[in-house]
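Student: Before we look at the model together, could you show me how to read its features one at a time, with the general idea first and the case at hand second?

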Amino acid sequence: MKASWTVRTVIMLVYIRTLVVSRVTQRQMFTSKLNKQMLMESYAPNDPTSLARYKRDFDFFGFDVSPTSPKNKGYAKLGWKHCGNRNDVIILNDIQLSPNPIQVPGKILIGFNMDVKENQTAPIKLKVDMKKKIPMLFGIHTWMPVPCYPNGIGSCIIADICNYKRINFGRSCPKELIEQNITCKCPLLQGNYTVPPIEQDVPTPPTDIDPILMEGEFRVKFSLYKEHKRLTCYETTAVIKL
């Protein structure tokens, strides 16, 4: 009798293990297929079907994509690093950010020291690559590319930031920048620029931001190009809970 129960127990444990391994394998296969598909398609920007598929992929992993209550204050913790080389035309020597994490909504102090090795005129292309960290089982994770949303958030390409309406060049340029000959519009002249910390308002996130982007760990790479020449490259890591 005891032997019979022992055999049954072993069979049950093997069955449970098989189910677990099968599920993990399915997710790994799905993730591999998904990453390959995303590299090929990158989720077509401004395509509702593509964005719906992106949400579906998140649902597969069981993530809660419901909006966070707007009554709660959120935060964003940022880090950055140079992902270019010494030959880049624009170099951020130092950046000051306080507080960090940033309270959202709230206020933030931003200061920096920057070298511009050559005069830069329009057009200047900005390429943004955004990925979100997706945890899996046993400490494994993958980075899922974020598509370009209609509101300009995500992995987007801006053909000319000098004429990009969302940046508002020349309309509300802080006086601290103007004092350093930074006019918030093109051209950007050669020189060294030191800007003391400037207080800026951090507004409540707009209602058209996808809930998927309201929480999690992200990598965002910003690259500036003049025609085919890269001017600079910086990567930001962000831990967000809004």
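Student: Is Y234 buried or exposed?

Tutor: Burial is read from relative accessible area, where buried means under 20%, exposed over 50% and partly exposed in between, with a 1.4 Å probe and protein chains only. Y234 has a relative accessibility of 9% and therefore counts as buried, whereas W80 is partly exposed at 37%. This is a predicted model, in which local features need pLDDT of at least 70 and side-chain atom pairs count only at pLDDT 80 or more, while totals for chains, interfaces and linings use all residues. Residues are numbered from 1 along each chain as its sequence is written, and side-chain values use heavy atoms, with hydrogens and water left out.

Student: How many aromatic pairs does the structure hold?

Tutor: A pair of aromatic rings is described by the distance of the centres and the angle of the planes. Rings of Phe, Tyr and Trp (its six-membered ring) pair if their centres lie within 6.5 Å, and planes under 30 degrees apart count as stacked, over 60 as edge-to-face and the rest as tilted. The structure holds one such pair. It is formed by W80 and Y234, whose centres are 5.5 Å apart with 50° between the planes, and it is tilted. W80 lies in strand β1 (residues 74-82) and Y234 in strand β10 (residues 229-241), so the pair ties together parts that are 154 residues apart in sequence. Strands here are DSSP runs of E of at least two residues, and helices are runs of H or I of at least four, both numbered from the N terminus.

Student: Where does the charged end of K125 sit?

Tutor: A charge sits over a ring if NZ of Lys or CZ of Arg is within 6 Å of the ring centre and within 35 degrees of the ring normal. Here the charged end of K125 sits over the ring of Y225, 5.3 Å from its centre.

Student: Which residues is I110 in contact with, leaving aside its neighbours within four places in sequence?

Tutor: Contact means heavy atoms within 4.5 Å. On that basis, and with those neighbours left aside, I110 is in contact with Q96, L97, P196, P197 and I198. I110 is found in strand β4 (residues 106-116), and its C-alpha atom is separated by 5.0 Å from that of L97, 13 residues apart along the chain. With a relative accessible area of 30%, I110 is partly exposed.

Student: How should I read the protein as a whole?

Tutor: The protein has three helices and 10 strands, and 31% of its 242 residues count as buried.
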